Amino acid sequence: MADSSSPLPPLCERISHKSYLLRAVDLTILGLLFSLLFYRILHVNQNDTVWVVAFLCESCFSFVWLLITCIKWSPADYKTYPDRLDERVHDLPSVDMFVTTADPVREPPIIVVNTVLSLLAVNYPANKLACYVSDDGCSPLTYFSLKEASKFAKIWVPFCKKYNVNVRAPFMYFLNPPAATEGSEFGKDWEMTKREYEKLSQKIEDATGSSHCLDAEVDFEAFLNTKPNDHSTIVKVVWENKGSEGDEKEVPHVVYISREKRPNYFHHYKAGAMNFLVRVSGLMTNAPYMLNVDCDMYANEADVVRQAMCIFLQKSMNSNHCAFVQYPQDFYDSNVGELTVLQLYLGRGIAGIQGPLYGGSGCFHTRRVMYGLSLEDLEDDGSLSSIATRKYLAEESLAREFGKSKEMVKSVVDALQRKSYLHNTLKDSLEAAQEVGHCHYEYQTSWGNTIGWLYDSTTEDVNTSIGIHSRGWTSSYILPDPPAFLGCMPQGGPEAMVQQRRWATGLLEVLFNKQSPLIGMFRRKIRFRQRLAYLYVFSWGLRSIPELFYCLLPAYCVLHNSALFPKGVYLGIIVTLVGMHCLYTLWEFMSLGFSVQSWYVSQSFGRIKTTCSWLFSILDIILKLLGISKTVFIVTKKTMPETKSGSGSEKSQGEDDCPNKDSGKFEFDGSLYFLPGTFIVLVNLAALAGCSVGLQRLSPRHGGGGSGLTEAWGCILVVILFLPFLKGMFVKGKYGIPLSTLSKAAFLAVLFVVFSVGN
């Protein structure tokens, strides 16, 4: 525990990033938006229905910008000093690390293995770490890969710690050879370690091609006659650490688990798997802190655990109030400028209020908080209050809340009272671990309701996050350099559209469930601006409707010869507003080292995902609310770059950030996701074609009336933003729009043109 009387410098400090200039820009844009709305109200009687539709859309945009301004008002994050940790903390706490996977095809085991190996090799005492891998696909291939990886870990972990390797995921570390070190001890160790990793990769590849060979091994009996959605609970100790503290050659615990699944039982997707991880880890190691990472998010910073502990163990910050520490997500295989900008500006903004939102991966949780504790249940020293002791530690109450397993109840009591967990071997807990994995174990308990990861949404992360903040807890945000975790983005358009739809649908589910920031205004302990932050995120899907209409309005006005934008002097409102927003967002990108092209790609994909993917989330949530269908969690496909043999010094930074040469291209398939975008482009092209025929309509007019040059420029701007669709019309293969989608969009475009001209 931390020595609070130590005169040494603090383990971390809160950094404020307030900028009065940025505040002024935000308020100016907000003022321009309100001025535009006021102008439309004054002239509503002089214009037709288009004016009203535009007013409603712009009202939505103004509300969104108001939320953004409130969120960004007081940005902050934390700077940690992990090198001071050993001086300040005499006994580092244990950490249970969770890795989740669900499909060995869409999430290849070699990716899972690299994530696990990176976690096992972090700079933290091995006897204080345990890595639990949850396989919701119940794949013998995943288990086999994990067993082989644990053998390689006995080489990899000591190698990383001996030479202080920066990147501790083998596939990324071996992408490029080091500088000439032939004949040196490091060179020999590097070559040997690389050969062993190649053997590991080959074994996994061979097993993937002929999985029947796994059936012959005795250790795989539990996988016989199993299906991904129909099997019993499997818990296997892959490797158990029995070494002493400070042994650099030791490897942390590795445990494989797969919860029971039955066809007619709803399993709550990732949230259900996470709750099983909490129960099994509570029975085996019961660490006070838990790290949750996706199977493709490897640890890119060796001190990542120490950095998080700096937050949790800093007494001067009243650290008992911090429920979780969130690292931003970053990626090694894509141009993710938009995500980086969002995390730096909006992420810091939310962190400056009550703390960042839980992002589903790269997050350290406090076990006691996940067990349902509220801030008011604790004394100033972090111990349970007398009221909370009677409330939580009554045996009947614990059995009702956490299930009927006596071993589980005992581990919960130890966790709530912050007692160290003593056990002989992990295998002593296997029988109890099997019990808490049954489908019926959570029946009539509080799991998924007030305990653990919360159910009723496919975005279990933010659903759980708002539940934690509603109990009065805060959270912390760390943006280290280099990034703490790196993952892979879905490649191409189809996978990205599926992921965006799942996110938008899950967020809307939370907006309409009991965790909604719109309810419990005075009953919950969540701060008002934090509510606004959640409201901004949860309403992503709803933004698709006004954006879709606004993309079509310029074309409609040109075809119908009606005015969309103010004329004369008042046109300056629109010009200034668009110009300021473009320059402002461009500055945000370029100040972080991104190019103008990255900014354009971000703006383009922002419109595409909103009008194409998020639009379907509204249909999903309507069908769910009507009880017609349930939302479905679709696993996105993960890929990994191949090891290269060239010199690392010859590789540019751009190539480093984006190993896949095709990652900047937009892919299409025959799904309905690409129908709205194709329709938008065709409609605006038709309007521009109409302009070229009837040039008299393009003359600027004052005092209302018909369309002018401004509406035509609006059509051009829309086409530019949807340029990937325009290119896709003239390309074949996976980068071209299928003929079926083109024909459907063309039919809808003809109907739109006929309606616009004839209305």
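Entry 1. I began with the lining of the second largest cavity and sorted its residues by class: 4 are nonpolar, 4 are polar and 1 is charged. This is a predicted model, so I keep that in mind for every entry. The residues I found lining the second largest cavity are V369, M370, G372, T450, G452, L454, T464, I468 and R471. Two elements, helix 11 (367–370) and helix 16 (460–469), each give two or more residues to that lining. For the space inside the second largest cavity, I noted about 40 Å³.

Entry 2. How many cavities of 30 Å³ or more does the structure hold? I counted 5. The volume I wrote down for the largest cavity is about 130 Å³. It is lined by 15 residues, and those closest to its centre are R259, Y265, H438, C439 and E442. By class, I get 6 nonpolar, 5 polar and 4 charged residues in the lining of the largest cavity.

Entry 3. Next I turned to helix 18, which covers residues 528–538. Is this helix largely enclosed or left open by the rest of the structure? I find it largely enclosed, because 9 of its 11 residues are buried. Buried here means under 20% relative accessible area. My list of the buried residues in helix 18 reads Q530, R531, L532, A533, Y534, L535, Y536, V537 and F538.

Conventions. Residues numbered from 1 in each chain as written. Predicted model: local features only at pLDDT ≥ 70, side-chain atom pairs only at ≥ 80, totals over all residues. Heavy atoms only, no water. Buried < 20%, exposed > 50% of the residue type's maximum accessible area, 1.4 Å probe, protein only. Helix = DSSP H or I, 4+ residues; strand = E, 2+ residues; numbered from the N terminus. 1 Å grid on protein atoms, 1.4 Å probe; cavity = no way out; pocket = protein on both sides within 12 Å on 5 of 7 lines; lining within 4 Å. Points joined across faces, edges and corners; volume = space filled by probe spheres on them. Nonpolar A, V, L, I, M, F, W, Y, C, P; charged D, E, K, R; others polar.
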